[in-house]
4 protein chains.
Amino acid sequence: MKVGIIGGSGYTGGELLRLLVNHPDAEISAVTSRTFKGKPISVVHPHLSKILDMHFEDISAGEVAKHSDIVFMAVPHKAAMEHVPELLAQGTKVVDLSADYRLDYDIYEAVYGVTHTDRGRKAAYGLPELHRAEIKRANLVANPGCYPTGAILAAAPLVKAGKASRIVFDSKTGISGAGMIPSEVTHYPNIAENIVPYQITKHRHLPEILQELTRLNKCKIHFTPHVIPAIRGILTTAHIFIKSKMSREEVVELYQKMYADETFVRILDGVPSLSAVRGSNFCDIGCFEVEGDRVIVISAIDNMVKGASGQATQNMNIMFGLDEKAGLWMPGVAP
Amino acid sequence: MKVGIIGGSGYTGGELLRLLVNHPDAEISAVTSRTFKGKPISVVHPHLSKILDMHFEDISAGEVAKHSDIVFMAVPHKAAMEHVPELLAQGTKVVDLSADYRLDYDIYEAVYGVTHTDRGRKAAYGLPELHRAEIKRANLVANPGCYPTGAILAAAPLVKAGKASRIVFDSKTGISGAGMIPSEVTHYPNIAENIVPYQITKHRHLPEILQELTRLNKCKIHFTPHVIPAIRGILTTAHIFIKSKMSREEVVELYQKMYADETFVRILDGVPSLSAVRGSNFCDIGCFEVEGDRVIVISAIDNMVKGASGQATQNMNIMFGLDEKAGLWMPGVAP
Amino acid sequence: MKVGIIGGSGYTGGELLRLLVNHPDAEISAVTSRTFKGKPISVVHPHLSKILDMHFEDISAGEVAKHSDIVFMAVPHKAAMEHVPELLAQGTKVVDLSADYRLDYDIYEAVYGVTHTDRGRKAAYGLPELHRAEIKRANLVANPGCYPTGAILAAAPLVKAGKASRIVFDSKTGISGAGMIPSEVTHYPNIAENIVPYQITKHRHLPEILQELTRLNKCKIHFTPHVIPAIRGILTTAHIFIKSKMSREEVVELYQKMYADETFVRILDGVPSLSAVRGSNFCDIGCFEVEGDRVIVISAIDNMVKGASGQATQNMNIMFGLDEKAGLWMPGVAP
Amino acid sequence: MKVGIIGGSGYTGGELLRLLVNHPDAEISAVTSRTFKGKPISVVHPHLSKILDMHFEDISAGEVAKHSDIVFMAVPHKAAMEHVPELLAQGTKVVDLSADYRLDYDIYEAVYGVTHTDRGRKAAYGLPELHRAEIKRANLVANPGCYPTGAILAAAPLVKAGKASRIVFDSKTGISGAGMIPSEVTHYPNIAENIVPYQITKHRHLPEILQELTRLNKCKIHFTPHVIPAIRGILTTAHIFIKSKMSREEVVELYQKMYADETFVRILDGVPSLSAVRGSNFCDIGCFEVEGDRVIVISAIDNMVKGASGQATQNMNIMFGLDEKAGLWMPGVAP
């Protein structure tokens, strides 16, 4: 299976490559970058040195499509929708890691403040635990945002069961989610020994979480993200208010049932830790403490893997009928 | 004014010394430690080297009292109540940094699992912003816990005004709160690049927060703490649910009014940062975003200063009619 | 190929398991731990949860040998030599990750302060880049220390060529090298925002570096290690004093020649970074600046992989005639 | 004493303000910033909020001089020399925190690649431990670089005594030395869990170290800096090669003698730690291990205090005949 990557010089591009070089069925056909055109990929991603001997190319999406069975869009939102139609027209499958196809188009335009130029296109929301069948049939998969992945998985069983009335997601992310470009927030003296709340009520991932959870059932959703001094990982503390009394056992049972056949979800007795999922595609879910009408569920993912490139690879595996674990069956890098 | 410290070898003891060596009215009379008896204080607290030329002593509380106008108890809970009666009997004032006199005695015994041997003793709860008059008159001040300081100050104005129906405190603390003794949770590979929720619904500071806020008004309180990879600081994200609609301006006004004359509370336009309060006695409060019936208020303190030894010093200043700023009027060490 | 691990509950044991679960030719036969006997391995190593479904056993080395073609000793020094004779007697091959068989026995006894109970046993020093042929023939391989791996590889070409007169190795290690047990040095407030020199002239790895480099050629060796606030990785700054003038090009050529066929050594144009090797078996070597008679060569490894369990796996591959890359051909987890 | 600051919006400007607000003899007269003209200082330095109620001004150096007895230049090199002549002409004293007056002018031009427009100006090199008398008489003091401060103090006694033949300074700095502007090297994912050697043999502070140490005596000097994941602090490991045998006691005696009357130098029995000097003006010096002809001396400073703004304040105190401790006599913020 030939795999192209459009926009390979950022963190998600690098992470796709880290995973794909060891994928048993994937052969990387092209990796594009305008900025680094002609340069060895290992100049930007030195961890790939000696393992991946390719150069960045500055070729059109159409050109990439010609040599690829599937293309990953690892470009910012807005840039993705410019190329997706052409890729699909050539019969290539697409996993889009940007936000362009995740939301209802009206909501997308309101949230991202841009006109969607490919409205009406049907895409599967690429959270396999909720939409596997749809992903399997899709030519275009909208890979979920990092926060939504951890938040939705942490709450879905209670929401689906109609138990949740309101949820406060208090999320804590590693800084790699901010990307490769240095900025105020990624400046070491600003984030080390600190924790930085931002986009307190208006983060763009809120409508995404809302859309997916309310597809399951009615529920009020709040979401406040924080950046922590960590490179990778998102820990989400979900304060879930329930409509009627439940025991911890009943809560746990809901989660175990819903995720019983899920390869990449691990239901824990204890509390999840970022170190156990670092570099891996797992979403660890645990805690499940009940305090009156509040249930606390905590999830941990690696924002670069299950929150981005790993999940994209998982979606590829599903779209092509491969073993879902292919290229992804590795433990976290702990400690 | 002569100041004694019982239990000077831990972090709060060291922090008391850091502050007191520059206090214009304080003279350190004795610093006790059983373990380090006879050793120079700078062996345990090398940052004090050359500034404080004293040795740890292993003398009785009574002996300390003889040479002290005020004594700080910087010992664990249970150890404090063993000495406080004797100190007070000798006419010495006491600021107790342990939990022994913070709570209603029945609640104390239930929460800390020990019999209180000095029940009935009256102590002022040493949060000057709520109890200044009482502190002024007190011979015994129970210095607040670190989490309660940040949480109570973040919520008091809305609670007092009868606006809050329920609050979820999602707190994030630096690791120095765990003390000087190495443990699983302070082990660098466990906490670096991580964030560790613990005592999810059962932290001992919950009853303290509850007691103080419900003194102001009825309100449901939830509290979930996390340890972050930082040495100092507590950032508390207070998700406050309100009974009736309020604008951001109305919220801010409540806070500005209540804290108008408070030296060590700073109301911010933006979001507080641990770096701005590091090493200082300030409690920065900000955010105040309103999203429907949820108001988000965020506070930042240094857990070692406003959350412990700085507040203890502030209480001493109040008890002795000194300028409240004495020895404490210094900016945070930023960056 | 059946693989046993004696002492599987520490960091190096966990790292062996992380690598072996994806090794195409390895089947884990037994993992011992006295402390965690009968417990699922994922209780201690939660990152292995769902991938490795085994329990710790408390069985004798002989019992392990019965079911294993090779056994990894992941126990402290002194404990290893107690079991190695029995394992070898049963025809099992052994890679010992402890220090017991690395040094000349007289030196070992002097440095480690214990009597060696298996003196005279012949072991290959498991640095494949220097001793591959010997490792291939060996039944017992002494896996190198973490510092020696980075230091020796950084200096070997210049030493072997007879160019180096004296070397100052100024090494900086992540804290995982200190192991899983909390201690003063691993206590977060002591190491975060700090760098801690220790065993300034007397670290036990100095004789190991000295032994291996002086096998190549005469040279004076100095070694001073520091702990940095990082979980994984060792960066070694080798200040190499040379006997006669050399250009940077001549230096680089020496390194390229010596390591031309080495799978896991990467010679860089620039300066190595811990992030490029994190979680991988690579040793990146670069810098090569020349300033008069000082040449600066810098190496970076992951102390847990090339500095311990990865190199042990590489040795296993060599001992069994497998592809040296088997189970190890993965990029660093960057960023 | 009225104090002006030219360039007050960066880290060294902020640190000057943090120290000066508590200086008993200093009154801040003006703080300039082109970028933040008219804005409250606490917008850029929120830790000063409520303590310093001033605004940035965009006024000429001449205007600042009119209202100041002393002016601190906290601007980049080249910008300082443009204003210093005018300030001095008005009779104001100047402490220049830039590099403009630190070096012999020929060397300055070669190293910094700019023409010096104020050549011939006499300035005292502001390291009080070496040049106190000269500083006392000076109108212009060139405040030393951060690395030179730690390196020179670590080596001066051995060099002055004619004992040192060659020194390898292997320095490790916190990232605040790189300033307030985000860049590749300050990007959290690049420096966290890492250590980054840079300017391996060509750092601009090398000629400064060389100039000052060779003023004391002949000696070969090498200097290689690294950035560590810390906000503040410089730890310098000085590998000092000596000409003839010395015992540890003889080494320590040299240091104790030379620094006997120095307020801000602390000679330690053990090894210095960044946490003991954090936020303080101390230079801790220790280790003193002797291994054949290598003596290891280790120094620790806060790069922002003794390495910049604290030393500048110390120089001001000396220039005005004040107590050298004024405004600076505070312990490090440990932990």
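Of the interface residues of chain B, 100% are also interface residues in chain D, so the copies meet through the same surface. Contact here requires C-beta atoms, placed from the backbone, that lie within 7 Å. This is a predicted model, in which local features need pLDDT of at least 70 and side-chain atom pairs count only at pLDDT 80 or more, whereas totals for chains, interfaces and linings use all residues. Residues are numbered from 1 along each chain as its sequence is written, while chains are lettered from A and ligands numbered from 1 in the order in which they are written.

The contact between these two chains draws 27 residues from chain B and 27 residues from chain D. On the side of chain B that touches chain D, helix H1 (residues 11–20) of chain B gives the most, with three residues. Helices (H or I, at least four residues) and strands (E, at least two) are DSSP runs, numbered from the N terminus. That side of chain B comprises 13 nonpolar, ten polar and four charged residues. In this classification Ala, Val, Leu, Ile, Met, Phe, Trp, Tyr, Cys and Pro are nonpolar, Asp, Glu, Lys and Arg are charged, and the others, Gly among them, are polar.

Two copies of a chain are related by a rotation about an axis and a shift along it.

Within chain A, four bridges join strand E3 (residues 70–73) to strand E4, and the two run parallel; strands pair if DSSP finds at least two bridges between them. A:Val71 has A:Val94 of E4(A) as its bridge partner. Both faces of strand E4 (residues 93–96) of chain A are covered, with A:Lys93 and A:Val95 buried on one side and A:Val94 and A:Asp96 buried on the other. A buried residue has 20 or more other C-beta atoms within 10 Å of its own, C-beta atoms being placed from the backbone.

How values were computed:
A residue is buried if 20 or more other C-beta atoms lie within 10 Å of its own, exposed if 12 or fewer, and partly exposed in between; C-beta atoms are placed from the backbone.
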